[in-house]
Amino acid sequence: VEAMMEYHKKMLKKDKEVQPMLFILKDEQMHMFMLSSVMDDKDNAETCIKALIKETEADAYFMVTEAWEGTKLNIAPSEDPNHKEILMVYGQVKGESGIISKTQFMKFDGEIRFTGPVDTLESAEMQGRFINLLAS
């Protein structure tokens with residue numbers, strides 16, 4: 001997860017955006033899926049990602065996307081006027097808790113500026129549409 005974060009930070013800085021991607025590991029082979037066409041509708045994205053994970057019988061999955069992070073627990077980030085933009089990398093291996101790595105950034109005068117450290121933590125206690133999707 002940390003290596004993916006460092007790679008995608010470079011890509012974000014270079015390209016000014018990161019295309020949302022899903023990586024599925026099955027039998028030591030990595031498969032990549034571009035998620036750009038489904039991410040505008042989060043319910044649709046969740047359905048598609050769960051179906052891909054189930055259909056491939058994934059051993060592990062990793063997801064890379066730009067996202068918003070809220071500043072208040074009881075408000076959705078999209079409704080929080082003080083939300084922060086983050087680059088997020090999430091990964092989970094079957095039978096284990098996932099790991100999430102995230103860093104805040106700003107787009108300023110056409111440039112990307114990272115405004116916080118990279119935080120990495122286990123997701124056992126976290127909730128979210130794309131977290132802990134592998135059955136034990």
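Predicted model: local features only at pLDDT ≥ 70, side-chain atom pairs only at ≥ 80, totals over all residues.
Y61 belongs to strand 3 and Y90 to strand 4, so the contact ties together parts of the chain that are 29 residues apart in sequence. Y61 is buried, and Y90 is buried as well. A further contact with a ring involves a charged side chain: K9 lies over the face of F114, at 4.9 Å from the ring centre.

Strand 5 takes part in several pairings. With strand 4, strand 5 pairs in the antiparallel sense over 7 bridges. Within this pairing, M88 has K102 of strand 5 as its bridge partner. Strands 4 and 5 form a hairpin with 5 residues between them. In the turn of that hairpin, G95 has a positive phi of about 85 degrees.

Strand 5 also pairs with strand 6, which covers residues 111–114, in the antiparallel sense over 4 bridges. Here K107 has I112 of strand 6 as its bridge partner. These two strands likewise form a hairpin, with 2 residues between the strands. D109 in this hairpin takes a positive phi near 50 degrees. A pairing with strand 7 is antiparallel too, and strands 5 and 7 are joined over 4 bridges. In this case S101 stands opposite T120 in strand 7. In a regular strand, the side chains alternate between the two faces of the sheet.

The largest pocket has a volume of about 1200 Å³. Its lining consists of 34 residues, of which A67, W68, E69, P77 and M88 are the closest to the centre. Strand 3 (60–69), strand 4 (84–93) and strand 5 (99–108) each supply at least two residues of the lining. Strand 3 gives the most, with 5 residues. By class, the lining holds 16 nonpolar, 8 polar and 10 charged residues.

K16 is placed in the loop between helix 1 (2–15) and strand 1 (21–26). K16 is partly exposed because its relative accessible area is 28%, a value between the limits of 20% and 50%. N132, another residue that is not a glycine, has a positive phi of about 55 degrees. N132 is found in the segment after strand 7 (119–122). With a relative accessible area of 29%, N132 is also partly exposed.

D40 occupies the loop between strand 2 (29–34) and helix 2 (42–56). The relative accessible area of D40 is 78%, so this residue is classed as exposed, for which the cut-off is over 50%. D40 and P81 are 41 residues apart along the chain, and their C-alpha atoms are separated by 19 Å.

Notes:
Residues numbered from 1 in each chain as written. Heavy atoms only, no water. Buried < 20%, exposed > 50% of the residue type's maximum accessible area, 1.4 Å probe, protein only. 1 Å grid on protein atoms, 1.4 Å probe; cavity = no way out; pocket = protein on both sides within 12 Å on 5 of 7 lines; lining within 4 Å. Points joined across faces, edges and corners; volume = space filled by probe spheres on them. Nonpolar A, V, L, I, M, F, W, Y, C, P; charged D, E, K, R; others polar. Lys NZ or Arg CZ within 6 Å of the ring centre and 35° of its normal. Pairing = 2+ DSSP bridges.
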